[in-house]
Amino acid sequence: MQNKGFSLIELLFTLTIAAIALSLATPNFASWINKYRLRGAAYDLLNDVQLARNEAINRATRVTISNNDSDWRTGWTVFIDNDNDGVHDAAETVLYNREGFANTMAITGNTSVSNMISYIATGESRLASGAFQAGTILVCAQNVDTARKLVISSNGRPRLEPIPRSGNC
């Protein structure tokens with residue numbers, strides 16, 4: 001008579017090999033997840049900045065994207081900035097609201113874009129004072145070798161660049 005099952009020793013040996021393989025793959029998997037979270041957050045920000053610029057052109061009015069709680073990581077709001085001050089007021093129409101990201105993400109802007117990016121009807125970025133607005137927002141994730149830099153040019157055009165992770169993250 002022939003056995004059609006596994007012996008206890010064969011089963012334990014197979015489970016041991018599987019556990020070793022899984023323990024070797026887990027750190028790489030976590031790094032892979034963080035890499036794609038970083039990429040997703042950077043593209044979400046880029047898309048929402050492009051939305052603000054397009055809406056400003058289409059509606060022929062100022063549209064602003066401002067971060068929540070003075071921190072880009074906690075999310076941001078795209079709104080029609082009727083009073084041109086760069087701050088969302090209850091009477092201003094919200095076009096889009098993005099929820100925040102995990103604590104494993106860091107999103108910081110330099111001085112001119114630390115709290116908001118505002119577009120006028122021509123598609124140019126402008127500060128509340130009317131001066132041109134250009135700057136960079138750095139998006140970093142834990143355990144990822146690269147970061148993403150969102151660059152707002154002097155004419156308001158946004159672009160995303162991969163950069164090596166530095167001490168700024």
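**Exercise 1. Find which residues of strand β5 point one way and which the other, and decide whether they are buried or exposed.**

Solution. Start with the faces: M116 and S118 point one way from β5, while I117 and Y119 point the other way. Strands here are DSSP runs of E with at least two residues, helices are runs of H or I with at least four, and both are numbered from the N terminus.

A word on the model: it is predicted, so local features need pLDDT of at least 70 and side-chain atom pairs count only at pLDDT 80 or more, while totals for chains, interfaces and linings use all residues. Residues are numbered from 1 along each chain as its sequence is written, and side-chain values use heavy atoms, with hydrogens and water left out.

**Exercise 2. Work out which strands pair with β1 and β2.**

Solution. Two strands pair if DSSP finds at least two bridges between them. Begin at β1 (residues 63-68): this strand pairs with β5 in the antiparallel sense over four bridges, and I65 stands opposite I117 there. β1 also pairs with β2 in the antiparallel sense, over six bridges; S66 has T77 as its bridge partner. Two residues lie between the strands of this hairpin, where D69 takes a positive phi near 55°. Move on to β2 (residues 71-80): five bridges join this strand to the antiparallel β3 (residues 94-99), with R98 as the partner of W76.

**Exercise 3. Describe the largest nonpolar core and its residues with the most contacts.**

Solution. A nonpolar core is a set of buried Ala, Val, Leu, Ile, Met, Phe, Trp, Tyr and Cys residues joined through side-chain atoms within 4.5 Å. The largest has 26 residues, and L45, I65 and I117 have the most contacts inside it. Helix α1 (8-59) is among the elements that give two or more residues; α1 gives the most, with eight.

**Exercise 4. Trace the surroundings of D48.**

Solution. D48 is found in helix α1. D48 counts as buried because its relative accessibility is 5%. Leaving aside neighbours within four places in sequence, D48 is in contact (heavy atoms within 4.5 Å) with I65, W76, V78, Y96 and R98.

Key. Buried means under 20% relative accessible area, exposed over 50%, partly exposed in between (1.4 Å probe, protein chains only).
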